[in-house]
Amino acid sequence: MKKQLLVSIILILVLTFTFPTVSPAKGSSSLKTFTLTAVGDVMMHDRQLSSAITDDGTYDLSTYFSLLGDRLSHADVTIANMEAPISPSQPVEGFPHFNAPKEILDLLYGSGVDIVTTINNHTMDQNVEGVLETKQSIEDSGLVSIGIYENEEAFRTPYIRDINGIKVAFLAYTEHINGRERHFKESELVHLIKRYSDEEAKLDIDAAKAAGAEIIVVYMHWGIEYELEPRKSVIDRAHVLGTLGADIILGSHPHVVQPCDMITVTREDGEPYDVFVAYSLGNFISNQRKDYKDNGIIIDLTIGYDTAARKMTILKQEYTPTYVWRQNRRDGWHNYYVVPSDEYINVSIEGMTESDVRYVLRADEHISSLMENTPISYRGSSPELPPVKAAQSNRIKKAIK
């Protein structure tokens, strides 16, 4: 009898007790999610151009991403920094005044890239006409360009993409244009390229939010080349951007990988917000060698947006360390491959020398030390490297001046 009474009391307590409200979990009606993949600098140096040009004058870049499987296409949106103009009316050339062939845009689009930032220190390498032609070339390829614009209306209209029901704004700025601004009137540049200032960033972020953006992604071309750690000025700028409303900040320009961080800022409403910062994603594809300039990372983020709290959460952060393998050919030129080094450190690739293997291992160890506890985004889907002949009969040795 006492036992039955005790059970009855417990049932009454359970039925009448009010449980506290818990934060929305993944899968709840107020949490929406999407995935974002980001890579660093896409560059086209002289040796890349000379190695890729064919007898008919087109450029064969087919080896570049052939080891990556679906690493560029699996996310809801993928973004890269295109660090060269694409101006078809001018000759193709490499450093110091870049002008890349349109084939690189076709390759990026075909590999799964959706958005390219085209605002960086080489944006003005082919002058004002080159900027406008680059914008048109990117649009013709099916990619979206951010950071350069054809008129004032476009300059003041943030690019907003609906991803799984979340409105995401993508903005891009550069701190540098290699001093080339002195060759142009300010009236030519004012609504053409996005040069960073706190005031400009605030205008754009406010405009994006007014247009309904719920998450703000900013791709910054900042910092000092070849430095393995961000300077205090860059870290301070990240905090300013976060305070202004940026939720995700992706960095380029140092041409080496720098650490990622999650910072907390306080915005105008007095609430704390978490901001993801990748200070530098390194070189994705280039001819720059050694001192970690042939290393990069592919960042994979799973992002949640709580529509009730109006806040972003990074649900998962993963990465792939990469190494640019420059395979020597008998004709004196090279085949270039972006190698997911975590996957290939224990795999023998035909044509890779012992020195190449050491550099792959070094890239993996170096980037792992920078990323600390961030899990590797091992997808296990990279295709096996097909045999590649050292001599390519359809190539010519003509160097691009």
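**Stop one: two helices side by side**

Helix 7 and helix 8 are roughly parallel to each other, because an angle under 35 degrees counts as roughly parallel and theirs is about 30°. To see this, select residues 198–210 for helix 7 and residues 232–244 for helix 8. Their axes lie 9 Å apart, and the crossing is right-handed. Keep in mind as you look around that this is a predicted model.

Now show the side chains where the pair meets. On helix 7, pick Asp198, Ala201, Lys202, Ile205 and Lys209; on helix 8, pick Val240, Leu241 and Leu244. Sorted by class, that contact has 5 nonpolar and 3 charged residues, with no polar ones.

**Stop two: another helix pair**

Next, select residues 103–111, which form helix 3, along with residues 127–141, which form helix 4. How far apart are the axes of helix 3 and helix 4? The distance is 9 Å, and the packing angle is about 40°. Helix 3 and helix 4 are therefore oblique to each other. Their crossing is right-handed.

Colour the residues that make this contact: Leu105, Asp106 and Tyr109 from helix 3, then Ser137, Ile138 and Ser141 from helix 4. By class, you're looking at 3 nonpolar, 2 polar and 1 charged residues.

**Stop three: a valine in a strand**

Is valine 277 buried or exposed? Valine 277 is buried, since its relative accessible area is 0% and anything under 20% counts as buried.

What does valine 277 touch, once residues up to four places away in sequence are set aside? Select Trp222, Ala238, Ile249, Pro259, Cys260, Asp261 and Ile263 to find out. Then try a distance label from valine 277 to glycine 242: they're 35 residues apart along the chain, and their C-alpha atoms are separated by 9.3 Å.

**Last stop: zoom out**

Show the whole protein chain as a cartoon, and you have 10 helices and 14 strands to browse. Of its 401 residues, 52% count as buried. Take the contacts between residues at least 6 apart in sequence: 76% of them join residues at least 24 apart.

Notes. Residues numbered from 1 in each chain as written. Predicted model: local features only at pLDDT ≥ 70, side-chain atom pairs only at ≥ 80, totals over all residues. Heavy atoms only, no water. Axes fitted to C-alpha atoms, helices over the stretch in contact; angles between N-to-C directions. Helix = DSSP H or I, 4+ residues; strand = E, 2+ residues; numbered from the N terminus. Parallel < 35°, antiparallel > 145°, perpendicular 65-115°, else oblique. Left-handed = near helix turned anticlockwise from the far one by under 90°. Contact = heavy atoms within 4.5 Å. Nonpolar A, V, L, I, M, F, W, Y, C, P; charged D, E, K, R; others polar. Buried < 20%, exposed > 50% of the residue type's maximum accessible area, 1.4 Å probe, protein only.
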